[in-house]
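Have a look at the model first, then try each task before reading its solution.

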Amino acid sequence: MASAALKEQLKKQIIEQLNLEEVKVEDIEDSAPLFGEGGAGLDSIDALELIVLLEKHYQLNVTNPEEGKQVFYSIDTMADYIEKHKA
Amino acid sequence: MIRKASCCRFTSEGIFVNGEKRFTLNHFEEELTEVYRQLSVEYPKFYKMDLMSKVSFLGVELLKGVDSELALHREDEEVGLLFANSESSSQTDLRFEESYTRDGLPSPSLFVYTLPNIAMGEIAIRNKWYGAHMFSVFPNFAAAYFADYGRLMLKDGAKRVVGGWVDVREQPDAAFFVLDSSLLENREEALQVLNQVYSNH
């Protein structure tokens with residue numbers, strides 16, 4: 001399980017990278033889906049920005065679309081992926 | 001008597017709606033967010049738009065505030081969009097270039113705005129206006145373009161056409177106006193009205 005500090009850092013980076021000006025860290029639930037209704041409501045362009053975010057801040061490349069669906073499902077899944085793959 | 005067109009004008013002095021100053025702009029780009037908030041519009045995608053799209057979005061929202069017929073047109077193909085400027089999307093093009101020369105990584109969200117007609121797409125999506133739309137680039141404000149192509153759009157089924165001139169790279173120089181058949185039936189009068197919209201606040 002990834003640390004709470006990593007998840008909070010990730011939320012801050014997502015808010016900044018995606019210009020989510022009306023969203024606060026506490027608005028994003030760790031396990032809620034990032035895309036579609038019922039979550040943060042991100043779109044396909046945001047998905048590309050998340051790929052850039054992982055490369056820019058964590059030097060991780062997500063190139064497999066199927067893997068991307070799982071990695072970017074929620075803050076929990078993103079943080080777990082970073083923990084698992086960080087050097 | 002010369003007709004008037006509902007209009008909204010952005011200059012370095014501020015934002016004018018039908019000639020009346022509604023907002024003062026000292027730091028143009030930063031203050032657009034405050035204008036958006038004051039309009040009490042709930043559309044979070046505004047924050048992600050590039051500068052030209054933000055100005056176009058706000059211009060049309062302000063036009064809807066003074067043109068009730070335009071505000072009522074929803075979910076139909078009867079509103080056309082006819083835009084132009086002198087700089088295409090160069091303001092965003094440069095930002096996109098900076099994003100990959102500075103960080104080594106191109107920004108996808110900037111890339112999607114590296115076409116000038118995206119500003120019209122944002123307005124069409126927001127208002128569900130699915131009529132014809134056209135964007136052209138001219139050295140200066142071209143009243144004849146708006147009068148002549150506006151008439152073609154009206155002839156082809158549009159009931160109203162929203163015109164927009166949107167330069168944002170140096171200082172704000174934008175004008176938004178509503179064109180309808182009564183305004184455009186006399187070309188000379190239409191040119192006079194359009195030039196007044198652009199030259200006056």
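**Exercise 1.** Work out what share of chain B is buried.

*Solution.* Call a residue buried if 20 or more other C-beta atoms, placed from the backbone, lie within 10 Å of its own, and exposed if 12 or fewer do. By that count, 42% of the 201 residues in chain B are buried. Keep in mind that this is a predicted model: local features need pLDDT of at least 70 and side-chain atom pairs count only at pLDDT 80 or more, while totals for chains, interfaces and linings use all residues. Residues are numbered from 1 along each chain as its sequence is written, with chains lettered from A and ligands numbered from 1 in the order in which they are written.

**Exercise 2.** Find which residues of helix α4 (residues 75-85) of chain A are buried, and on which side they lie.

*Solution.* Start with the helix itself; helices here are DSSP runs of H or I, at least four residues, numbered from the N terminus. In α4(A), the buried residues are Ile75(A), Met78(A), Ala79(A) and Tyr81(A). Next, take the directions from the helix axis to their C-beta atoms: these residues cover an arc of only 155°, so they sit on the same side of α4(A). Finally, ask what covers the buried residues: α1 (4-17) and α3 (65-71) of chain A are included.

Notes. Helix = DSSP H or I, 4+ residues; strand = E, 2+ residues; numbered from the N terminus. Contact = placed C-beta atoms within 7 Å.
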